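Here are my notes on the model, as numbered points. Please read them beside the sequence and the structure.

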Amino acid sequence: MRTTGALALVLAFLSTLGTAHATDDATLARGRYLAVVAGCNDCHTSGFTTLGGKVPETEWFKGDSLGYAGPWGTTYAPNLRLTIARMDLPTWTTWARSVVLRPPMPYWSLNTMSEDDLTALWHFTRSLGDPGSPAPTALPPGREPPLPVFRLIVPAMPEGTSR
Ligand code: HEC
């Protein structure tokens with residue numbers, strides 16, 4: 001009796017593995033698709049826009065040292081492998097639904113993603129392997145960023161007003 005119970009448990013466990021694997025292929029494919037069509041690679045993968053997307057997947061989502069300077073200071077697209085490695089799946093989906101980030105990150109796109117899409121991105125990002133090193137830390141307004149930098153130039157505002 002005991003043996004049958006144990007065997008049933010092992011079989012149940014093995015069937016879970018089988019299902020998880022089948023889901024994984026579709027989930028990973030969905031995450032890969034989103035990384036490209038939702039434009040995440042454009043900023044979070046170094047060289048993606050200048051090379052017309054011809055960057056090997058081994059380099060995707062490692063962040064970039066290209067600065068985006070404007071009234072908000074200078075921001076850098078972070079290494080998403082490190083971001084996602086820090087969060088379990090429920091933490092990621094909850095956080096991604098509500099986070100507000102600085103330009104030019106389209107955080108509203110992230111906020112609007114379905115649970116399935118966020119799940120797919122999480123699994124796909126974790127599947128990419130070695131996280132690599134962090135992107136540079138953002139600089140506060142008024143600090144001159146090193147090159148290369150995208151710069152948003154806005155007209156000077158009259159004294160005492162803010163944008
Ligand atoms: C136009 C460039 C751009 C695009 C496109 C873009 N991002 Fe970002 N992303 C950024 C920048 C810059 C930051 C840093 C914002 C800040 O410092 O507040 C950022 C921050 C983030 C963060 C926070 C990471 C952390 O560790 O704090 C996440 C998560 C993220 N982006 C995911 C995505 C996803 C998913 C997509 C695709 C839907 C995407 N981004 C598209 C530029 C971009």
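1. The crossing of α4 and α6 is right-handed, meaning that the near helix is turned clockwise from the far one by less than a right angle. Helices (H or I, at least four residues) and strands (E, at least two) are DSSP runs, numbered from the N terminus.

2. This is a predicted model: local features need pLDDT of at least 70, side-chain atom pairs count only at pLDDT 80 or more, and totals for chains, interfaces and linings use all residues. Residues are numbered from 1 along each chain as its sequence is written.

3. Helix α4 (residues 89-98) packs against helix α6 (residues 115-127) at an angle of about 125°, with the axes 10 Å apart. Axes are lines fitted to C-alpha atoms, for helices over the stretch in contact, and angles run from 0 to 180 degrees between N-to-C directions. That angle makes α4 oblique to α6 (under 35 degrees is roughly parallel, over 145 roughly antiparallel, 65 to 115 roughly perpendicular, the rest oblique).

4. Leu 89, Trp 92, Thr 93 and Ala 96 of α4 meet Glu 115, Leu 118, Thr 119 and Trp 122 of α6; contact requires C-beta atoms, placed from the backbone, within 7 Å.

5. An open sheet of three strands is ordered β2-β1-β3, with mixed pairing; strands pair if DSSP finds at least two bridges between them. β2 (73-75) and β3 (149-151) are at the edges, each with a single partner strand, so one side of each has no neighbour in the sheet. Strand β1 (residues 67-70) runs parallel to β3, joined by three bridges, and Ala 69 has Arg 151 in β3 as its bridge partner.

How values were computed:
Two residues are in contact if their C-beta atoms, placed from the backbone, lie within 7 Å.
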